[in-house]
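Let's take a friendly walk through the charged pairs of this model, and then look at a patch on its surface. Have the side chains on display as you read.

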Amino acid sequence: MDSNTFSTISTIIKGRRTIKPGMMNGQKIPNGHIAALLELADWAPTHGYTEPWRFVIYEDPTQFCEAHAELYKQHTAAENFKEATYNNLKTIGNNASHVVIASMKRGSNPNIPVVEEVAAASAAIQNILLAASALNIGSFWSTGGMTLKPGLKEFLELGEEDQVLGLLYLGYTDQHPEGKRTTPLEAKVKWVK
């Protein structure tokens with residue numbers, strides 16, 4: 001085992017934190033850095049080489065946020081509509097540099113279960129989050145607003161079996177919160193001899 005490589009990976013994994021968009025400082029990330037994150041996402045594990053991850057990148061987060069707020073307005077019954085939610089969706093990305101919409105594109109092999117496709121696309125997302133952390137880029141994986149609702153899926157023109165898995169807000173930050181775990185590892189692991 002290469003202890004230097006393990007140490008580096010360990011530091012990145014343990015140091016990655018959720019940085020909500022309001023904690024971002026508005027500085028722009030070079031598009032080349034975003035492209036590098038996507039290249040690493042493309043190396044996620046995939047059963048049968050289906051490579052089900054798909055990404056839509058907004059270089060101007062306000063463009064997506066305005067569309068997201070309008071989707072919420074269009075697809076929410078009047079009695080359930082909340083002006084505060086609409087305003088939050090419209091402004092949440094004001095300090096972010098980029099928004100990446102991550103989805104799973106269902107492969108054509110029916111022998112590969114959907115859960116494996118979702119897991120592969122989620123691994124690709126995790127690659128982005130870890131690589132972003134290594135570049136001192138803050139990230140927030142959100143499933144709020146319209147993310148998991150049919151309206152966004154239609155907006156993205158996804159197929160019936162495809163799924164939106166989240167919105168990734170990326171941006172630089174001056175804040176670095178501490179990490180914690182609330183359940184001891186021993187309570188989550190069972191060793192069998």
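Glu117 is a buried residue, with a relative accessible area of 1%. Here buried means under 20% relative accessible area, exposed over 50%, and partly exposed in between (1.4 Å probe, protein chains only). Before going further, please note that this is a predicted model, in which local features need pLDDT of at least 70 and side-chain atom pairs count only at pLDDT 80 or more, while totals for chains, interfaces and linings use all residues. Residues are numbered from 1 along each chain as its sequence is written, and side-chain values use heavy atoms, with hydrogens and water left out.

Which residue does Glu117 meet in a salt bridge? The partner is Arg106, at 3.8 Å from N to O. A salt bridge is a side-chain nitrogen of Lys or Arg within 4 Å of a carboxyl oxygen of Asp or Glu. Glu117 sits in helix H5, whereas Arg106 belongs to the loop between E2 and H5, 11 residues apart. Helices (H or I, at least four residues) and strands (E, at least two) are DSSP runs, numbered from the N terminus. Arg106 is buried too, with a relative accessible area of 15%.

Arg106 also pairs with Glu161. Glu161 is partly exposed at 47% relative accessibility.

The structure holds 3 salt bridges, listed here:

| Pair | N to O distance |
|---|---|
| Arg106 and Glu117 | 3.8 Å |
| Glu161 and Arg106 | 3.2 Å |
| Lys105 and Asp162 | 3.5 Å |

Lys105 and Asp162 meet in a salt bridge as well. This pair links distant parts of the chain, 57 residues apart: Lys105 is in the loop between strand E2 (98-104) and helix H5 (114-134), and Asp162 is in the loop between helix H6 (150-155) and E4. Lys105 counts as partly exposed at 38% relative accessibility, whereas Asp162 is buried at 4%.

Now for the surface. Leu185, Val189 and Trp191 make a nonpolar patch of about 410 Å². Patches are made of residues with over 30% relative accessible area and no salt bridge, with like charges joined within 9 Å and nonpolar side chains (Val, Leu, Ile, Met, Phe, Trp, Tyr) within 5 Å. Leu185 is found in the segment after strand E4 (163-171), and this residue is exposed, with a relative accessible area of 58%.

Technical notes
Areas by Shrake-Rupley, 256 points an atom, 1.4 Å probe, with all protein chains shown as cover.
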